[in-house]
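Here are my notes on this model, in numbered points. Please read them with the coordinates open.

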Amino acid sequence: MARPTAHTRRIAMATATAVVLTGGVAAAVFFGSDTSADGPGPALAHSSTTGKSDNKPRGAEPSGPGGDDSAPDGSDGSADSTGPAAPAAGTGISETIDHATESGGKSVSITIDDGPSPVWTPKILAVLKQYGVKATFCMIGPQARANPAMVKQVVAAGHRLCDHTVSHDEAMNKKPVAYQSAEVLDAQKMIEDAAGGGAKVQYFRAPGGAFTPDNRHIAAGHGMRPLGWNVDTKDWKQPGTATIVNTVKQQLKNGPIVLFHDGGGGRAQTVEALKELLPWLSQQGYTFSFPAV
């Protein structure tokens, strides 16, 4: 039997102590409350991330409504951490941050963050169904627990699930490994419990790109591929439908993983942008695919 490495021992110890440090569920640190038509729920902060490696501090800017999810080039700022790496032991899931589609070629992946929302998720699901597109929904654990019918609807429609942590803490990369473990694994359980029927969470997306070697290792070890993005629509800023559409068209050169939101505020502009973008992408010869696992 292979002797455990120091890194593996540290992860195991952190996971074992997560319950002690967090009381079993990572504490929610939502910023403010959502007073939009979405009803009660978290108004999530998005902060600037300018680092290029998940081994360095990220998200140095304080979280706030004027922040930005992405690096200056529109990516998730994690390009340096996406090189070849062995899959996590026992799962076959790579620890590297995914920026590719399953099908390859001229394809895109639609990813939807911060839900589920009882108001906006159904509207986005309707648009996706209209154009025959499957997407990946990156859910906040407590949001999934509060809206299990929505999670089940996402799964029933053939979409995939992604873990977007418990607290949407963009500074989680600066916290102890035990805290990171609880953020990832508690959210995974909440989402899978809400989904029911044995549905599995297949991806992990760190809020604001706050990936670390530790949280990527933890996620991959529990069957979740770390998921980045290449195109940041910044739709959470509600910049206008035309701006969201133009951002996607301009940033597609960065790669195929496109980031939208269905939670954290009013998402009418996102719904309208998807109505324009999905047929436009098809007209340009793109196909739709899930992110690579």
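1. Is K275 buried, exposed or partly exposed? K275 is partly exposed, with a relative accessible area of 35%. The cut-offs are under 20% relative accessible area for buried, over 50% for exposed, and partly exposed in between, with a 1.4 Å probe and protein chains only. The partner of K275 is E272, and the two form a salt bridge with the closest N and O atoms 3.2 Å apart. E272 is also partly exposed, at 36%.

2. Ground rules. This is a predicted model, in which local features need pLDDT of at least 70, side-chain atom pairs count only at pLDDT 80 or more, and totals for chains, interfaces and linings use all residues. Residues are numbered from 1 along each chain as its sequence is written, and side-chain values use heavy atoms, with hydrogens and water left out.

3. Salt bridges in total. The whole structure has five salt bridges. The criterion is a side-chain nitrogen of Lys or Arg within 4 Å of a carboxyl oxygen of Asp or Glu. The pair E272 and K275 sits in helix α8, three residues apart, about one turn of the helix. Helices (H or I, at least four residues) and strands (E, at least two) are DSSP runs, numbered from the N terminus. An α-helix has 3.6 residues a turn, so residues three or four places apart point the same way.

4. E102 and R160. These two form a salt bridge, with the closest N and O atoms 2.9 Å apart. E102 lies in the loop between α1 (6–22) and β1 (107–115) and R160 in strand β3 (residues 160–163), so the pair ties together parts that are 58 residues apart in sequence. E102 is partly exposed at 43% relative accessibility. R160 is buried, at 14%.

5. D113 and R205. Their side chains meet in a salt bridge at 2.8 Å, N to O. The pair links distant parts of the chain: D113 is in strand β1, R205 is in the loop between β4 (201–204) and α6, and they are 92 residues apart. D113 is buried, with a relative accessible area of 2%. R205 is buried too, at 0%.

6. D262, a charge to check. This residue is found in the loop between β7 (257–261) and α8 (268–283). D262 is buried yet has no salt bridge. Its nearest side chain of opposite charge, R267, is 6.8 Å away. For charge, Lys and Arg count as positive and Asp and Glu as negative, while His and the chain ends are not counted. What does the side chain of D262 make a polar contact with? The side chain of T121, at 2.7 Å. A polar contact is a pair of N or O atoms within 3.5 Å; within protein, one must be able to donate a hydrogen and the other to accept it, and residues adjacent in sequence count only if both atoms are side-chain atoms.

7. Rings. There is one aromatic pair in the structure. F204 and F211 make up that pair, edge-to-face, with 5.7 Å centre to centre and 85° between the planes. Rings of Phe, Tyr and Trp (its six-membered ring) pair if their centres lie within 6.5 Å; planes under 30 degrees apart count as stacked, over 60 as edge-to-face and the rest as tilted. F204 is buried at 0%, and F211 is buried at 0%. Elsewhere, K106 lies over the face of Y286, 4.9 Å from the ring centre. That label needs NZ of Lys or CZ of Arg within 6 Å of the ring centre and within 35 degrees of the ring normal.

8. Helix α6. Seven of the nine residues of this helix (residues 213–221) are buried, so it is largely enclosed by the rest of the structure. Among the buried residues are R216, H217 and I218. Just after α6, G223 takes a positive phi of about 85°.

9. Backbone checks. The peptide bond from G115 to P116 is cis, with omega near 5°. P116 is placed in the loop between β1 and α2 (120–130). K234 is not a glycine, yet its phi is positive, near 55°. Q238, also not a glycine, has a positive phi of about 55°. K234 lies in the loop between β6 (231–232) and α7 (241–251), and Q238 lies in the loop between β6 and α7. Q238 is partly exposed, at 41%.

10. Cysteines. C138 is buried at 1%, and C162 is buried at 0%.
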